[in-house]
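Here is a short briefing on one structure. Look at the fold first, then follow the topics below.

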Amino acid sequence: MTNQNKRYRRPRWHIAQFKVEEVPGKVRFHDLFLPIALMRAIQEVGYEYCSPIQAMTLPYALAGHDCIGKAQTGTGKTAAFLITAITDLLEHRLEEQYVGEPRALILAPTRELALQIAEDANSLTKYSRLKVAAVVGGMDFDKQQKQLTEQRVDILVATPGRLIDFMNRKAVFLDQIEILVIDEADRMLDMGFIPDIKTIVRATPRNENRQTLMFSATFSYDILNLAERWTNEPVRIEVEPKVKTSDDVEQHVYLVSSDEKYHALRRIVSQEEADRVMVFANRRDIVRDLTDNLKADGIACQALSGEVPQNKRIRTLDGFKEGKFKVLVATDVAGRGIHVDGVSHVINFTLPEDAEDYVHRIGRTGRAGKKGVSISFACEDDSFQIPAIEEYIKRKIELEQLPEELRSDEAVVASEKVKAQAKVDKAEAEAVADAEAEALEAQAADAQVQDNAVDAEPEVDGEAPVGEVTRVEVQDSEDGPEITVEVFVQDPEDEDDETESSDDSEIATASASDDEAEQKKDEKGNV
Ligand code: AMP
(Lines give C-alpha, C1' and ligand atoms only; values in the text may rest on other atoms or scores of the structure.)
Protein backbone atom coordinates (compact mmCIF):
# COMPACT_ATOMS: atom_id res chain seq x y z
CA MET A 1 0.00 0.00 0.00
CA THR A 2 1.43 3.38 -0.97
CA ASN A 3 1.62 6.19 1.50
CA GLN A 4 -0.97 8.04 -0.52
CA ASN A 5 -3.45 5.15 -0.23
CA LYS A 6 -2.81 5.04 3.47
CA ARG A 7 -3.66 8.70 3.76
CA TYR A 8 -7.14 8.14 2.33
CA ARG A 9 -7.96 5.08 4.39
CA ARG A 10 -10.72 5.60 6.91
CA PRO A 11 -9.06 6.10 10.28
CA ARG A 12 -9.50 3.00 12.40
CA TRP A 13 -11.16 3.41 15.74
CA HIS A 14 -9.23 2.26 18.77
CA ILE A 15 -10.62 1.38 22.17
CA ALA A 16 -8.15 3.89 23.63
CA GLN A 17 -10.42 6.55 22.15
CA PHE A 18 -13.16 5.42 24.54
CA LYS A 19 -11.93 6.36 27.96
CA VAL A 20 -14.10 5.61 30.95
CA GLU A 21 -12.66 5.88 34.42
CA GLU A 22 -12.84 2.88 36.69
CA VAL A 23 -15.21 3.60 39.55
CA PRO A 24 -15.62 1.19 42.47
CA GLY A 25 -19.05 -0.45 42.39
CA LYS A 26 -19.68 0.37 38.74
CA VAL A 27 -19.23 -1.94 35.77
CA ARG A 28 -17.78 -0.42 32.63
CA PHE A 29 -18.55 -1.95 29.25
CA HIS A 30 -14.77 -2.28 28.91
CA ASP A 31 -14.85 -4.81 31.74
CA LEU A 32 -17.04 -7.17 29.71
CA PHE A 33 -14.64 -7.74 26.80
CA LEU A 34 -17.14 -6.92 24.10
CA PRO A 35 -16.32 -6.92 20.36
CA ILE A 36 -14.61 -3.72 19.26
CA ALA A 37 -17.34 -2.82 16.73
CA LEU A 38 -19.88 -2.98 19.53
CA MET A 39 -17.72 -0.90 21.88
CA ARG A 40 -17.46 1.79 19.26
CA ALA A 41 -21.24 1.88 18.92
CA ILE A 42 -21.65 1.93 22.71
CA GLN A 43 -19.36 4.93 22.86
CA GLU A 44 -21.38 6.63 20.16
CA VAL A 45 -24.72 6.14 21.95
CA GLY A 46 -23.07 7.58 25.04
CA TYR A 47 -23.17 4.71 27.53
CA GLU A 48 -20.27 4.52 29.93
CA TYR A 49 -21.23 2.28 32.81
CA CYS A 50 -23.68 -0.62 32.88
CA SER A 51 -27.05 0.03 34.42
CA PRO A 52 -27.89 -2.38 37.30
CA ILE A 53 -29.85 -4.78 35.07
CA GLN A 54 -26.99 -4.78 32.56
CA ALA A 55 -24.37 -5.30 35.26
CA MET A 56 -26.35 -8.22 36.65
CA THR A 57 -27.46 -9.83 33.39
CA LEU A 58 -24.52 -9.42 31.04
CA PRO A 59 -21.96 -11.59 32.87
CA TYR A 60 -24.42 -14.55 32.70
CA ALA A 61 -25.97 -13.80 29.35
CA LEU A 62 -22.59 -13.27 27.64
CA ALA A 63 -21.53 -16.64 29.04
CA GLY A 64 -24.50 -18.20 27.28
CA HIS A 65 -26.92 -18.69 30.17
CA ASP A 66 -30.64 -18.26 29.82
CA CYS A 67 -31.94 -15.40 31.95
CA ILE A 68 -35.28 -14.23 33.17
CA GLY A 69 -35.16 -10.60 34.19
CA LYS A 70 -37.69 -8.66 36.18
CA ALA A 71 -37.16 -5.21 34.83
CA GLN A 72 -39.20 -2.40 33.45
CA THR A 73 -38.74 0.15 30.75
CA GLY A 74 -36.13 2.66 31.74
CA THR A 75 -33.78 0.16 33.38
CA GLY A 76 -31.64 -0.41 30.27
CA LYS A 77 -32.93 -3.95 29.64
CA THR A 78 -33.04 -3.39 25.86
CA ALA A 79 -29.32 -2.76 25.69
CA ALA A 80 -28.79 -5.75 28.01
CA PHE A 81 -30.33 -8.19 25.55
CA LEU A 82 -29.08 -6.41 22.42
CA ILE A 83 -25.48 -6.40 23.65
CA THR A 84 -25.83 -10.12 24.42
CA ALA A 85 -27.24 -10.91 20.97
CA ILE A 86 -24.77 -8.73 19.05
CA THR A 87 -21.80 -10.15 20.93
CA ASP A 88 -22.93 -13.69 20.27
CA LEU A 89 -23.50 -13.07 16.57
CA LEU A 90 -20.18 -11.28 16.10
CA GLU A 91 -18.22 -13.89 18.01
CA HIS A 92 -19.78 -16.85 16.24
CA ARG A 93 -19.73 -16.01 12.59
CA LEU A 94 -21.49 -18.40 10.27
CA GLU A 95 -19.91 -19.78 7.13
CA GLU A 96 -23.15 -19.51 5.31
CA GLN A 97 -26.49 -18.01 6.08
CA TYR A 98 -29.63 -17.91 4.00
CA VAL A 99 -32.09 -15.17 3.31
CA GLY A 100 -35.15 -15.43 5.55
CA GLU A 101 -33.18 -17.14 8.33
CA PRO A 102 -32.50 -14.71 11.16
CA ARG A 103 -30.10 -15.70 13.93
CA ALA A 104 -31.62 -13.62 16.72
CA LEU A 105 -35.31 -13.05 17.27
CA ILE A 106 -36.69 -10.40 19.59
CA LEU A 107 -40.41 -10.47 20.31
CA ALA A 108 -42.15 -7.37 21.65
CA PRO A 109 -45.84 -6.80 22.38
CA THR A 110 -46.33 -3.50 20.57
CA ARG A 111 -45.22 -1.91 17.34
CA GLU A 112 -43.82 1.12 19.09
CA LEU A 113 -41.68 -1.01 21.35
CA ALA A 114 -40.53 -3.26 18.49
CA LEU A 115 -39.56 -0.24 16.38
CA GLN A 116 -37.74 1.29 19.31
CA ILE A 117 -35.79 -1.93 19.87
CA ALA A 118 -34.95 -2.10 16.15
CA GLU A 119 -33.74 1.50 16.28
CA ASP A 120 -31.50 0.71 19.27
CA ALA A 121 -30.28 -2.44 17.49
CA ASN A 122 -29.39 -0.39 14.42
CA SER A 123 -27.37 2.03 16.56
CA LEU A 124 -25.52 -0.75 18.32
CA THR A 125 -24.73 -2.65 15.08
CA LYS A 126 -23.67 0.50 13.22
CA TYR A 127 -20.01 -0.54 13.05
CA SER A 128 -20.65 -4.22 12.34
CA ARG A 129 -22.06 -5.95 9.29
CA LEU A 130 -25.03 -7.31 11.16
CA LYS A 131 -28.41 -6.58 9.60
CA VAL A 132 -31.51 -5.68 11.57
CA ALA A 133 -35.12 -5.86 10.37
CA ALA A 134 -38.44 -5.16 12.03
CA VAL A 135 -41.73 -6.81 11.16
CA VAL A 136 -44.66 -5.19 12.87
CA GLY A 137 -48.37 -5.01 12.24
CA GLY A 138 -50.06 -1.93 10.83
CA MET A 139 -47.20 -1.04 8.53
CA ASP A 140 -46.38 -1.74 4.91
CA PHE A 141 -46.56 -5.52 4.54
CA ASP A 142 -44.86 -5.72 1.13
CA LYS A 143 -41.94 -3.61 2.20
CA GLN A 144 -41.39 -5.81 5.23
CA GLN A 145 -41.70 -8.96 3.12
CA LYS A 146 -39.07 -7.62 0.71
CA GLN A 147 -36.76 -6.91 3.62
CA LEU A 148 -37.06 -10.51 4.72
CA THR A 149 -36.83 -12.17 1.34
CA GLU A 150 -34.31 -10.02 -0.51
CA GLN A 151 -31.53 -9.68 2.00
CA ARG A 152 -29.87 -11.41 4.90
CA VAL A 153 -31.31 -10.56 8.30
CA ASP A 154 -29.35 -11.28 11.46
CA ILE A 155 -31.53 -9.70 14.10
CA LEU A 156 -35.27 -9.76 13.58
CA VAL A 157 -37.48 -7.69 15.87
CA ALA A 158 -41.15 -8.59 15.62
CA THR A 159 -44.60 -8.32 17.04
CA PRO A 160 -46.15 -11.80 17.27
CA GLY A 161 -49.09 -11.47 14.87
CA ARG A 162 -47.15 -10.08 11.92
CA LEU A 163 -44.33 -12.58 12.41
CA ILE A 164 -46.80 -15.46 12.21
CA ASP A 165 -48.17 -14.00 8.95
CA PHE A 166 -44.67 -14.10 7.47
CA MET A 167 -44.00 -17.57 8.86
CA ASN A 168 -47.19 -18.79 7.22
CA ARG A 169 -46.10 -17.26 3.90
CA LYS A 170 -42.73 -18.89 4.28
CA ALA A 171 -41.01 -15.55 4.12
CA VAL A 172 -39.18 -16.29 7.35
CA PHE A 173 -37.86 -19.48 9.00
CA LEU A 174 -36.93 -19.67 12.62
CA ASP A 175 -34.99 -22.92 12.71
CA GLN A 176 -31.62 -21.15 12.79
CA ILE A 177 -32.45 -18.96 15.75
CA GLU A 178 -29.58 -18.87 18.23
CA ILE A 179 -30.97 -16.27 20.59
CA LEU A 180 -34.60 -15.70 21.43
CA VAL A 181 -35.65 -12.65 23.44
CA ILE A 182 -39.17 -12.29 24.78
CA ASP A 183 -39.56 -8.72 25.97
CA GLU A 184 -42.36 -7.49 28.24
CA ALA A 185 -43.70 -11.00 28.70
CA ASP A 186 -46.30 -9.75 31.19
CA ARG A 187 -47.81 -7.48 28.57
CA MET A 188 -47.75 -10.30 26.03
CA LEU A 189 -49.82 -12.24 28.50
CA ASP A 190 -52.20 -9.32 29.14
CA MET A 191 -52.65 -8.73 25.44
CA GLY A 192 -53.48 -12.36 24.71
CA PHE A 193 -50.33 -13.12 22.70
CA ILE A 194 -49.34 -16.29 24.52
CA PRO A 195 -50.84 -18.72 21.94
CA ASP A 196 -48.98 -16.82 19.16
CA ILE A 197 -45.75 -16.92 21.12
CA LYS A 198 -46.16 -20.63 21.70
CA THR A 199 -46.47 -21.10 17.93
CA ILE A 200 -43.37 -18.97 17.36
CA VAL A 201 -41.30 -20.65 20.06
CA ARG A 202 -42.18 -24.08 18.61
CA ALA A 203 -40.69 -22.97 15.28
CA THR A 204 -37.32 -22.19 16.90
CA PRO A 205 -34.74 -24.82 17.99
CA ARG A 206 -35.38 -26.59 21.33
CA ASN A 207 -34.55 -24.55 24.39
CA GLU A 208 -31.26 -26.46 25.04
CA ASN A 209 -30.14 -25.44 21.57
CA ARG A 210 -30.85 -21.76 21.76
CA GLN A 211 -30.29 -19.06 24.33
CA THR A 212 -33.47 -17.53 25.71
CA LEU A 213 -33.75 -14.24 27.54
CA MET A 214 -37.11 -13.26 28.93
CA PHE A 215 -38.01 -9.92 30.50
CA SER A 216 -41.11 -9.01 32.40
CA ALA A 217 -42.10 -6.15 34.69
CA THR A 218 -43.65 -8.71 37.06
CA PHE A 219 -42.90 -12.30 37.95
CA SER A 220 -46.42 -13.57 38.34
CA TYR A 221 -47.21 -17.25 38.68
CA ASP A 222 -48.18 -17.40 34.98
CA ILE A 223 -45.00 -15.67 33.84
CA LEU A 224 -42.80 -17.98 35.88
CA ASN A 225 -44.72 -20.95 34.43
CA LEU A 226 -44.05 -19.74 30.88
CA ALA A 227 -40.41 -19.08 31.76
CA GLU A 228 -40.15 -22.64 33.01
CA ARG A 229 -41.36 -23.88 29.66
CA TRP A 230 -39.38 -21.59 27.38
CA THR A 231 -36.04 -21.27 29.16
CA ASN A 232 -33.41 -23.75 30.24
CA GLU A 233 -32.11 -23.45 33.80
CA PRO A 234 -32.41 -19.70 33.72
CA VAL A 235 -30.60 -17.25 35.95
CA ARG A 236 -33.21 -15.11 37.62
CA ILE A 237 -32.46 -11.42 37.90
CA GLU A 238 -34.61 -8.82 39.55
CA VAL A 239 -34.15 -5.12 39.44
CA GLU A 240 -36.36 -2.81 41.42
CA PRO A 241 -37.99 -0.23 39.20
CA LYS A 242 -35.91 2.87 39.01
CA VAL A 243 -38.05 5.23 40.96
CA LYS A 244 -37.31 8.71 39.83
CA THR A 245 -36.26 10.90 42.68
CA SER A 246 -36.62 14.58 43.07
CA ASP A 247 -33.05 14.86 41.78
CA ASP A 248 -34.14 14.39 38.22
CA VAL A 249 -37.92 14.79 38.35
CA GLU A 250 -39.59 17.53 40.32
CA GLN A 251 -42.86 15.92 41.38
CA HIS A 252 -46.00 17.84 42.27
CA VAL A 253 -49.41 16.50 43.16
CA TYR A 254 -52.08 19.18 43.12
CA LEU A 255 -55.39 18.83 44.89
CA VAL A 256 -57.99 20.03 42.44
CA SER A 257 -61.67 19.69 41.76
CA SER A 258 -62.44 17.83 38.57
CA ASP A 259 -63.61 21.00 36.83
CA GLU A 260 -60.37 22.83 37.62
CA LYS A 261 -58.25 20.23 35.85
CA TYR A 262 -58.59 21.30 32.25
CA HIS A 263 -57.83 24.97 32.92
CA ALA A 264 -54.79 24.01 34.96
CA LEU A 265 -53.61 21.71 32.18
CA ARG A 266 -54.05 24.42 29.57
CA ARG A 267 -52.07 26.86 31.68
CA ILE A 268 -49.23 24.40 32.26
CA VAL A 269 -48.87 23.49 28.59
CA SER A 270 -48.94 27.18 27.69
CA GLN A 271 -45.96 27.94 29.90
CA GLU A 272 -42.80 28.68 28.02
CA GLU A 273 -40.70 26.10 29.85
CA ALA A 274 -43.18 23.33 28.94
CA ASP A 275 -41.69 22.63 25.54
CA ARG A 276 -42.40 18.90 25.25
CA VAL A 277 -45.27 17.63 27.35
CA MET A 278 -46.76 14.17 27.79
CA VAL A 279 -50.23 14.11 29.28
CA PHE A 280 -51.53 10.80 30.61
CA ALA A 281 -55.16 9.88 31.10
CA ASN A 282 -56.66 6.55 32.09
CA ARG A 283 -59.19 6.21 29.27
CA ARG A 284 -59.27 6.66 25.54
CA ASP A 285 -62.28 8.94 25.60
CA ILE A 286 -60.51 11.29 28.01
CA VAL A 287 -57.47 11.30 25.72
CA ARG A 288 -59.71 12.12 22.76
CA ASP A 289 -61.56 14.93 24.55
CA LEU A 290 -58.40 16.49 25.93
CA THR A 291 -56.74 16.45 22.53
CA ASP A 292 -59.78 18.05 20.89
CA ASN A 293 -60.02 20.73 23.58
CA LEU A 294 -56.32 21.59 23.53
CA LYS A 295 -56.39 21.81 19.75
CA ALA A 296 -59.42 24.07 19.93
CA ASP A 297 -57.44 26.24 22.35
CA GLY A 298 -54.67 26.57 19.79
CA ILE A 299 -52.19 24.13 21.34
CA ALA A 300 -50.29 21.83 18.97
CA CYS A 301 -51.30 18.45 20.28
CA GLN A 302 -51.83 14.82 19.20
CA ALA A 303 -53.36 11.72 20.77
CA LEU A 304 -51.76 8.32 21.25
CA SER A 305 -54.20 5.65 22.31
CA GLY A 306 -55.49 2.29 21.21
CA GLU A 307 -58.17 3.91 19.09
CA VAL A 308 -55.64 5.74 16.92
CA PRO A 309 -54.81 3.69 13.79
CA GLN A 310 -51.39 2.10 13.95
CA ASN A 311 -49.72 3.95 11.10
CA LYS A 312 -50.95 7.23 12.54
CA ARG A 313 -49.56 6.25 15.95
CA ILE A 314 -46.12 5.82 14.48
CA ARG A 315 -46.32 9.13 12.61
CA THR A 316 -47.52 10.77 15.81
CA LEU A 317 -44.66 9.41 17.84
CA ASP A 318 -42.12 10.44 15.22
CA GLY A 319 -43.66 13.91 15.02
CA PHE A 320 -43.44 14.25 18.80
CA LYS A 321 -39.82 13.11 18.82
CA GLU A 322 -39.01 15.62 16.12
CA GLY A 323 -40.72 18.39 18.04
CA LYS A 324 -43.42 19.00 15.40
CA PHE A 325 -45.98 19.48 18.15
CA LYS A 326 -45.69 20.19 21.81
CA VAL A 327 -48.21 18.01 23.61
CA LEU A 328 -48.79 14.27 23.35
CA VAL A 329 -51.85 12.95 25.17
CA ALA A 330 -51.62 9.21 25.82
CA THR A 331 -53.07 6.24 27.64
CA ASP A 332 -50.75 4.02 29.65
CA VAL A 333 -50.76 1.19 27.13
CA ALA A 334 -49.81 3.49 24.27
CA GLY A 335 -47.41 5.52 26.37
CA ARG A 336 -45.46 2.64 27.89
CA GLY A 337 -42.09 1.79 26.56
CA ILE A 338 -41.76 4.76 24.29
CA HIS A 339 -38.52 6.64 24.41
CA VAL A 340 -38.67 10.32 23.71
CA ASP A 341 -35.81 12.40 24.88
CA GLY A 342 -36.26 15.87 26.28
CA VAL A 343 -39.81 15.54 27.67
CA SER A 344 -39.99 18.60 29.91
CA HIS A 345 -43.28 17.81 31.66
CA VAL A 346 -45.37 14.76 32.39
CA ILE A 347 -48.89 15.54 33.48
CA ASN A 348 -51.11 12.92 35.06
CA PHE A 349 -54.48 14.31 34.14
CA THR A 350 -55.94 11.32 35.95
CA LEU A 351 -53.92 9.39 38.50
CA PRO A 352 -53.14 5.89 37.24
CA GLU A 353 -55.13 2.97 38.60
CA ASP A 354 -51.96 0.95 38.89
CA ALA A 355 -49.22 2.44 41.07
CA GLU A 356 -46.57 1.01 38.75
CA ASP A 357 -47.90 3.15 35.94
CA TYR A 358 -47.20 6.25 38.01
CA VAL A 359 -43.52 5.36 37.91
CA HIS A 360 -43.67 4.52 34.22
CA ARG A 361 -45.38 7.78 33.45
CA ILE A 362 -43.09 10.07 35.36
CA GLY A 363 -40.12 8.12 34.02
CA ARG A 364 -40.88 9.67 30.60
CA THR A 365 -39.28 12.85 31.85
CA GLY A 366 -36.03 13.57 33.67
CA ARG A 367 -34.22 11.18 31.35
CA ALA A 368 -30.58 11.15 30.43
CA GLY A 369 -29.61 13.41 33.30
CA LYS A 370 -31.98 16.20 32.28
CA LYS A 371 -34.38 17.77 34.74
CA GLY A 372 -38.06 17.08 34.35
CA VAL A 373 -41.30 18.09 36.01
CA SER A 374 -44.19 15.78 36.77
CA ILE A 375 -47.54 17.22 37.75
CA SER A 376 -50.41 15.03 38.90
CA PHE A 377 -53.94 16.18 39.46
CA ALA A 378 -55.66 14.51 42.39
CA CYS A 379 -59.37 15.19 42.47
CA GLU A 380 -62.29 13.72 44.34
CA ASP A 381 -62.39 10.74 41.95
CA ASP A 382 -58.79 9.68 42.02
CA SER A 383 -57.05 10.84 45.20
CA PHE A 384 -57.82 7.49 46.78
CA GLN A 385 -55.01 6.06 44.59
CA ILE A 386 -52.41 8.08 46.46
CA PRO A 387 -51.69 5.69 49.37
CA ALA A 388 -50.97 2.83 46.93
CA ILE A 389 -48.65 5.06 44.91
CA GLU A 390 -46.89 6.22 48.08
CA GLU A 391 -46.42 2.64 49.14
CA TYR A 392 -45.06 1.68 45.73
CA ILE A 393 -42.62 4.55 45.42
CA LYS A 394 -41.75 4.24 49.10
CA ARG A 395 -42.16 7.86 49.89
CA LYS A 396 -44.78 10.28 51.03
CA ILE A 397 -46.51 12.42 48.46
CA GLU A 398 -47.02 15.98 49.55
CA LEU A 399 -50.35 17.24 48.34
CA GLU A 400 -50.30 20.86 47.24
CA GLN A 401 -53.01 23.39 46.58
CA LEU A 402 -53.27 24.37 42.93
CA PRO A 403 -51.04 27.43 42.50
CA GLU A 404 -52.95 30.58 41.64
CA GLU A 405 -51.32 30.94 38.23
CA LEU A 406 -52.78 27.57 37.23
CA ARG A 407 -56.33 28.36 38.22
CA SER A 408 -58.94 29.29 35.69
CA ASP A 409 -59.68 33.00 35.21
CA GLU A 410 -63.07 32.55 36.83
CA ALA A 411 -61.56 30.71 39.77
CA VAL A 412 -58.92 33.39 40.23
CA VAL A 413 -61.52 36.17 39.99
CA ALA A 414 -63.76 34.29 42.42
CA SER A 415 -60.92 33.74 44.84
CA GLU A 416 -59.84 37.38 44.56
CA LYS A 417 -63.42 38.45 45.28
CA VAL A 418 -63.52 36.19 48.30
CA LYS A 419 -60.21 37.63 49.49
CA ALA A 420 -61.37 41.24 48.93
CA GLN A 421 -64.62 40.54 50.76
CA ALA A 422 -62.69 38.97 53.61
CA LYS A 423 -60.57 42.14 53.85
CA VAL A 424 -63.69 44.32 53.95
CA ASP A 425 -65.29 42.06 56.57
CA LYS A 426 -62.13 42.20 58.68
CA ALA A 427 -61.95 45.99 58.50
CA GLU A 428 -65.62 46.27 59.42
CA ALA A 429 -65.25 43.84 62.28
CA GLU A 430 -62.28 45.84 63.60
CA ALA A 431 -64.22 49.10 63.32
CA VAL A 432 -67.18 47.59 65.20
CA ALA A 433 -64.86 46.19 67.86
CA ASP A 434 -63.21 49.62 68.28
CA ALA A 435 -66.57 51.34 68.51
CA GLU A 436 -67.77 48.84 71.08
CA ALA A 437 -64.61 49.23 73.10
CA GLU A 438 -65.04 53.01 73.03
CA ALA A 439 -68.67 52.71 74.03
CA LEU A 440 -67.78 50.39 76.86
CA GLU A 441 -65.13 52.78 78.12
CA ALA A 442 -67.61 55.63 78.00
CA GLN A 443 -70.22 53.57 79.80
CA ALA A 444 -67.74 52.52 82.44
CA ALA A 445 -66.92 56.17 83.02
CA ASP A 446 -70.67 57.00 83.22
CA ALA A 447 -71.22 54.11 85.61
CA GLN A 448 -68.56 55.50 87.88
CA VAL A 449 -70.30 58.83 87.84
CA GLN A 450 -73.63 57.15 88.44
CA ASP A 451 -72.33 55.02 91.31
CA ASN A 452 -71.12 58.13 92.98
CA ALA A 453 -74.45 59.72 92.26
CA VAL A 454 -76.40 56.81 93.71
CA ASP A 455 -74.19 56.75 96.80
CA ALA A 456 -74.65 60.45 97.24
CA GLU A 457 -78.39 60.28 97.00
CA PRO A 458 -80.37 62.43 97.14
CA GLU A 459 -77.99 64.67 95.21
CA VAL A 460 -78.33 62.76 92.00
CA ASP A 461 -76.52 64.64 89.37
CA GLY A 462 -77.24 67.65 91.43
CA GLU A 463 -79.69 68.58 88.74
CA ALA A 464 -82.23 65.83 89.10
CA PRO A 465 -85.56 67.52 89.26
CA VAL A 466 -87.26 67.04 92.56
CA GLY A 467 -90.29 64.75 92.45
CA GLU A 468 -89.48 63.33 89.03
CA VAL A 469 -87.87 60.09 87.85
CA THR A 470 -84.47 60.53 86.29
CA ARG A 471 -83.10 57.71 84.20
CA VAL A 472 -79.36 56.97 84.04
CA GLU A 473 -77.63 54.11 82.24
CA VAL A 474 -74.66 52.55 83.97
CA GLN A 475 -72.67 49.41 83.79
CA ASP A 476 -72.50 47.13 86.79
CA SER A 477 -68.96 45.96 86.20
CA GLU A 478 -66.49 46.19 83.34
CA ASP A 479 -68.08 43.40 81.35
CA GLY A 480 -71.27 43.04 83.28
CA PRO A 481 -74.76 43.92 82.11
CA GLU A 482 -75.75 47.42 81.30
CA ILE A 483 -78.02 48.77 83.96
CA THR A 484 -80.61 51.44 83.86
CA VAL A 485 -80.94 53.31 87.09
CA GLU A 486 -83.93 55.41 87.64
CA VAL A 487 -83.69 57.81 90.49
CA PHE A 488 -86.56 59.47 92.19
CA VAL A 489 -85.60 62.52 94.19
CA GLN A 490 -88.23 62.90 96.77
CA ASP A 491 -89.60 66.24 97.61
CA PRO A 492 -88.53 66.72 101.26
CA GLU A 493 -92.01 67.85 101.94
CA ASP A 494 -93.37 64.46 100.94
CA GLU A 495 -90.79 62.74 103.12
CA ASP A 496 -93.35 60.57 104.81
CA ASP A 497 -94.84 59.38 101.55
CA GLU A 498 -94.14 55.79 101.18
CA THR A 499 -92.82 55.03 97.80
CA GLU A 500 -92.35 51.60 96.45
CA SER A 501 -89.00 52.69 95.21
CA SER A 502 -86.45 50.38 96.59
CA ASP A 503 -83.01 49.57 95.32
CA ASP A 504 -84.43 46.57 93.63
CA SER A 505 -87.19 48.33 91.92
CA GLU A 506 -85.00 51.18 90.92
CA ILE A 507 -82.47 49.00 89.22
CA ALA A 508 -83.58 47.38 86.06
CA THR A 509 -81.17 45.09 84.36
CA ALA A 510 -80.19 46.39 80.98
CA SER A 511 -79.23 42.95 79.89
CA ALA A 512 -82.92 42.45 79.45
CA SER A 513 -84.26 43.03 76.04
CA ASP A 514 -85.43 46.37 74.88
CA ASP A 515 -88.95 45.14 75.44
CA GLU A 516 -88.20 44.25 79.03
CA ALA A 517 -86.50 47.56 79.52
CA GLU A 518 -89.53 49.24 78.06
CA GLN A 519 -91.71 47.19 80.35
CA LYS A 520 -89.70 48.14 83.45
CA LYS A 521 -89.86 51.69 82.40
CA ASP A 522 -93.59 51.39 82.10
CA GLU A 523 -93.80 49.77 85.52
CA LYS A 524 -91.77 52.58 86.98
CA GLY A 525 -93.98 55.03 85.29
CA ASN A 526 -96.85 53.35 87.10
CA VAL A 527 -95.29 53.82 90.46
P1 AMP B 1 -34.74 0.70 28.34
O2 AMP B 1 -34.92 0.24 29.75
O3 AMP B 1 -34.14 -0.34 27.51
O4 AMP B 1 -36.04 1.21 27.84
O5 AMP B 1 -33.69 1.91 28.32
C6 AMP B 1 -33.94 3.14 28.90
C7 AMP B 1 -33.00 4.24 28.41
O8 AMP B 1 -31.72 4.10 28.99
C9 AMP B 1 -32.77 4.26 26.92
O10 AMP B 1 -32.92 5.62 26.51
C11 AMP B 1 -31.36 3.80 26.74
O12 AMP B 1 -30.75 4.39 25.62
C13 AMP B 1 -30.70 4.24 28.00
N14 AMP B 1 -29.58 3.36 28.43
C15 AMP B 1 -29.53 2.02 28.38
N16 AMP B 1 -28.38 1.57 28.90
C17 AMP B 1 -27.67 2.66 29.30
C18 AMP B 1 -26.40 2.84 29.94
N19 AMP B 1 -25.63 1.81 30.26
N20 AMP B 1 -26.01 4.11 30.19
C21 AMP B 1 -26.81 5.15 29.87
N22 AMP B 1 -28.01 5.04 29.28
C23 AMP B 1 -28.46 3.81 29.01
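Glu233 sits in the loop between H10 and E7. Helices (H or I, at least four residues) and strands (E, at least two) are DSSP runs, numbered from the N terminus. The model is predicted: local features need pLDDT of at least 70, side-chain atom pairs count only at pLDDT 80 or more, and totals for chains, interfaces and linings use all residues. Residues are numbered from 1 along each chain as its sequence is written, and side-chain values use heavy atoms, with hydrogens and water left out.

**Positive phi in loops**

- Glu233 is not a glycine, yet its phi is positive, at about 40°.
- Most residues other than glycine have a negative phi.
- Glu233 is exposed, with a relative accessible area of 70%. Buried means under 20% relative accessible area, exposed over 50%, and partly exposed in between (1.4 Å probe, protein chains only).
- Lys170 also has a positive phi, of about 60°, without being a glycine.
- Lys170 belongs to the loop between helix H7 (160-168) and E5. Its relative accessibility of 59% makes Lys170 exposed.

**The sheet**

- Seven strands form an open sheet in the order E3-E4-E2-E5-E6-E1-E7, with parallel pairing. Two strands pair if DSSP finds at least two bridges between them.
- Strand E3 (132-135) and strand E7 (235-238) are the edges, each pairing on one side only.
- Neighbouring strands of this sheet are turned by 15° against each other on average, direction ignored. Axes are lines fitted to C-alpha atoms, for helices over the stretch in contact, and angles run from 0 to 180 degrees between N-to-C directions.
- Strand E2 (residues 104-107) and strand E4 (residues 155-158) share four bridges in the parallel sense. Leu107 stands opposite Ala158 in E4.

**Helices on the sheet**

- Helix H3 (residues 52-62) lies across strand E1 (67-70), strand E6 (211-216) and E7, and runs at about 170° to E7.
- Helix H10 (residues 221-230) packs on the sheet and touches E1, strand E5 (179-182), E6 and E7. Contact means heavy atoms within 4.5 Å. The direction of H10 makes about 170° with that of E6.
- Which residues of H10 are buried? They are Ile223, Leu226, Ala227 and Trp230. They cover an arc of only 105° around the axis, so they lie on the same side of H10. The arc is that of the directions from the helix axis to the C-beta atoms.
- These buried residues pack against E1, E5, helix H8 (185-190), helix H9 (194-202) and E6.
- Exposed Tyr221 and Glu228 are on the face of H10 turned away from its buried side.

**Salt bridges**

- The whole structure holds 20 salt bridges. Each is a side-chain nitrogen of Lys or Arg within 4 Å of a carboxyl oxygen of Asp or Glu.
- Glu44 bridges to Lys126, with the closest N and O atoms 2.4 Å apart. Glu44 is in helix H2 (residues 36-45) and Lys126 in the loop between helix H5 (111-124) and E3, so the pair ties together parts 82 residues apart in sequence.
- Asp382 bridges to Lys261, with the closest N and O atoms 3.3 Å apart. Asp382 lies in the loop between strand E13 (372-378) and helix H16 (386-393), Lys261 in helix H11 (residues 261-270), 121 residues apart.
- Asp382 is buried at 5% relative accessibility, and Lys261 is buried at 4%.
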